[in-house]
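Subject: Structure handover and notes

Hello,

Please find the structure below, with the notes I promised.

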Amino acid sequence: MPSIKKLEGKIAIITGASRGIGKAIALLYAQEGARLILSARNQILLDSVAAEICLAGGLKPLLFPLDVTNAQKVTELVDKTLDNYKRVDILVNNAGVTRDGLFVRMSEADWDEVLNTNLKGTFLCMRAVSKVMMKQRAGRIINMASVVGLTGNAGQANYAASKAGILALTKSVAKELGSRNVLVNAIAPGFIDTDMTQTLGEDVKHNIVKTIPVGHFGKPIDVAKAALYLASDESNFITGQVITVDGGMVMG
Ligand code: NAP
């Protein structure tokens, strides 16, 4: 019997899809039959993700390079999706940055960049699809938070605050949109092997690994599988939740 694809015919927008976790989500969603609209700032990397998807037999994605802090561009992204596909079934808010540093020395610019990209960018994308999904009486929004949004982290006050903000935003919007069958959830990854964690020194990584019960960093695909679950029919009665994907580092 041919296997049924979990996202057959679904239209999914993914931000931060040019590398790391967002790219892994794009590849997995494409494999499961979704039609994708991929965004990030770097057009060249987006092109190469699109080529990889096509090579693996996925549907050719639409590419829309943008900065998620630009409200006008975010509106255009959703308009382009509607022009082409008439609906938006899934939004994955994955774009994010870090600008780490000790709190007492943290510049306003570093605060603003992290809060604007991670939290405001998520807000802008959610707002842009919400009306559409409410009208459809169906939709899934998946926001990429972080375990540090639950625990806080020395040296990451801006980043942790942005991710804690995403968790509160997720739960608030889940309460507002639940009656329209728009489900809003968050994923809180722990340490995952991507460009974002590559800058950590070997000794820092070694110390972090000691705090992870499974004994190693996660891979982007580990997070992508949680994002697939939250986009699929398997999570039809789940909203306002946070799934930690962290090898057991943070336990409730
Ligand atoms: P990454 O490899 O650095 O990728 C970040 C992605 O976000 C890239 O596609 C980047 O593309 C995009 N992006 C950054 N700023 C943007 C902006 N202003 N506008 C549009 N796109 C932007 O990071 P990652 O590790 O895959 O992280 C993905 C998400 O998971 C982030 O939200 C991150 O906070 C979260 N997370 C990661 C970890 C981890 O250990 N890696 C842990 C917890 C949470 P461009 O640079 O081309 O714009």
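Ser18 is buried, at a relative accessible area of 8%; buried means under 20%, exposed over 50% and partly exposed in between, with a 1.4 Å probe and protein chains only. Before going on: this is a predicted model, in which local features need pLDDT of at least 70 and side-chain atom pairs count only at pLDDT 80 or more, while totals for chains, interfaces and linings use all residues. Residues are numbered from 1 along each chain as its sequence is written, and side-chain values use heavy atoms, with hydrogens and water left out.

Ser18 sits in the loop between β1 (11–15) and α1. Helices (H or I, at least four residues) and strands (E, at least two) are DSSP runs, numbered from the N terminus. Leaving aside residues up to four places away in sequence, Ser18 touches Lys23, Ser39, Ala40, Asn42, Leu45, Leu46 and Val49. Contact here means heavy atoms within 4.5 Å.

**α1 against α2**

Two packed helices are described by the angle between their axes and the distance between the axes. For α1 and helix α2 (residues 43–55), the axes come within 10 Å and cross at roughly 30°. That makes α1 roughly parallel to α2. Axes are lines fitted to C-alpha atoms, for helices over the stretch in contact, and angles run from 0 to 180 degrees between N-to-C directions. Angles under 35 degrees count as roughly parallel, over 145 as roughly antiparallel, 65 to 115 as roughly perpendicular, and the rest as oblique.

The crossing of α1 past α2 is right-handed. A crossing is right-handed if the near helix is turned clockwise from the far one by less than a right angle, and left-handed if anticlockwise. Lys23, Ala26, Leu27 and Ala30 of α1 make the contact with Val49, Glu52 and Ile53 of α2. Sorted by class, the contact has 5 nonpolar, no polar and 2 charged residues. In this scheme Ala, Val, Leu, Ile, Met, Phe, Trp, Tyr, Cys and Pro are nonpolar, Asp, Glu, Lys and Arg are charged, and the others, Gly among them, are polar.

Glu52, in helix α2, counts as partly exposed at 34% relative accessibility. Apart from residues up to four places away in sequence, Glu52 touches Lys23 and Leu27. Glu52 and Leu27 are 25 residues apart along the chain, and their C-alpha atoms are separated by 7.9 Å.

**α9 and its partners**

Helix α9 (residues 220–231) has 12 residues and reaches 17 Å from its first C-alpha to its last, close to the 16 Å expected at 1.5 Å a residue. The expected span is 1.5 Å times one less than the number of residues. The buried residues of α9 are Pro220, Val223, Ala224, Ala226, Ala227, Leu228, Leu230 and Ala231. They pack against α1 (20–31), β4 (90–93), β5 (139–144), β6 (182–189) and β7 (242–245).

The axes of α1 and α9 come within 8 Å and cross at roughly 55°, which makes α1 oblique to α9. This crossing is right-handed. On the α1 side, Gly20, Ile21, Ala24, Ile25, Leu28 and Tyr29 take part; they meet Pro220, Ile221, Val223, Ala224, Lys225, Ala227, Leu228 and Ala231 in α9. The class count for this contact is 12 nonpolar, 1 polar and 1 charged residues.

**α3 against α4**

The axes of α3 and α4 come within 9 Å and cross at roughly 35°, and α3 passes α4 in a right-handed crossing. Ala71, Val74, Val78 and Leu82 in α3 meet Leu124, Cys125, Ala128, Val129 and Val132 in α4. By class, that contact has 9 nonpolar, no polar and no charged residues.

**Loop residues**

- Lys86, in the loop between α3 (71–85) and β4, has a positive phi of about 70° although it is not a glycine. Lys86 is exposed, with a relative accessible area of 64%.
- Arg137, in the loop between α4 (108–136) and β5, also has a positive phi without being a glycine, near 55°.
- Leu200 lies in the loop between α7 (195–198) and α8 (202–209) and is partly exposed at 24% relative accessibility. Not counting residues up to four places away in sequence, Leu200 touches Phe191, Lys205, Ile208 and Phe217.

Regards
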